[in-house]
Amino acid sequence: MPNQGDPVNDEEFLYRRAYSSPPIRYLYEDGSATSRVFKPREKDEGKLSVDVKSLTTFETSIVDKTKFMLFEIANMEVLSLNLNTIHDPTPNEASPIENPAHALIIGMDADDDITPSLLAKKAKNVKG
Amino acid sequence: MAALTTNLTSTSSIESTGSYCSNSTVQEIKMEDRPLRNVLLVLDRTRFCYFEKLNFIDAFLAIDFNTTDSGESIFLGQSLLGMGINSSHIDVLESFRILPDGWDGDDAVRPSIQVLEEAISFTKYLQSVGEKVYHVAPGPNGEIMIELRDGENAIEFLVYPSKFKYVLLTPERTSQGLYDPTLLPKLLETLHA
């Protein structure tokens, strides 16, 4: 089991979960991700929550198929944008939820609105 | 009613699909030599009304030089320019007024009324100049994204609670910055290049 802060293997794939209610338009009509799906919250200081695909399953990562969609992105693509991905298994001081696959994409500047767009373009909608 | 005069101040051409407004040129409308700001006028032979507030520009209307009719009917024709092309997106933005905090099933911040009104106003402005919006979406930090696309080129306008940004994305380059209305012509030129 990886430890907190360990780099995620370059060859891994990552899952990013997004709210999928059509009226809210968080996603495009074709189900692909808008840049907002990959925009970190201000309180998260540039860290973006993902799951490491090899350490979880589609069903576990999506939590609720009626509310969310999963997007998959290769860690290599993340690294190519000068970002890093580190393991952040939970529970920990930030979250009480049991999720050994949890990881963080780090290195995004709070004012950076280009990188979320590039991540969204590289991500693929995953069907369970 | 105050006299309405027109003064040609710009020569930018507008392509219109409206039957009333082909071969149009942008003009600034002045009332008694005072520029009208933040209004779009709809006129015909019997009506004179404020149609829409626009926060980002002076009032610009298109004049059809092919017509031989009176100016009033020309203005009514202009009001059809772009009418409705962004109406579905405006409806979606209006629906965001009831988004709660945590609308994403997590802890996203709801867009404020001020952010929504700025986003709606900007979307209506884009409509008034015939620029079709591709998508609108809320963001996790209380922002609203208004996206334009043309082929592989895209512009994201991001109305945050404390700033208004643009992100330009083309296969050749990406850039971002604080939005200023004076940047719009160049941004749209790049989008449609």
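**Terms and their grounds in chain B**

Analyst: Chain B contains four helices and twelve strands; helices (H or I, at least four residues) and strands (E, at least two) are DSSP runs, numbered from the N terminus. This is a predicted model, in which local features need pLDDT of at least 70, side-chain atom pairs count only at pLDDT 80 or more, and totals for chains, interfaces and linings use all residues. Residues are numbered from 1 along each chain as its sequence is written, chains are lettered from A and ligands numbered from 1 in the order in which they are written, and side-chain values use heavy atoms, with hydrogens and water left out.

User: Why is Thr170(B) called buried?

Analyst: Buried means under 20% relative accessible area, exposed over 50%, and partly exposed in between (1.4 Å probe, protein chains only). Thr170(B) has a relative accessible area of 12%, and is therefore buried.

User: Where does Thr170(B) lie, and what does Thr170(B) touch?

Analyst: Thr170(B) sits in the loop between β11 (164-169) and β12 (174-178) of chain B. Leaving out residues up to four places away in sequence, Thr170(B) touches Glu152(B), Asn153(B) and Thr190(B); contact means heavy atoms within 4.5 Å.

User: What makes α3(B) mostly covered?

Analyst: Twelve of the 16 residues of α3(B) are buried, among them Val115(B), Leu116(B) and Phe122(B).

User: What span does helix α3 (residues 113-128) of chain B reach, and what is expected?

Analyst: From its first C-alpha to its last, α3 of chain B reaches 22 Å, close to the 22 Å expected at 1.5 Å a residue. The expected span is 1.5 Å times one less than the number of residues.
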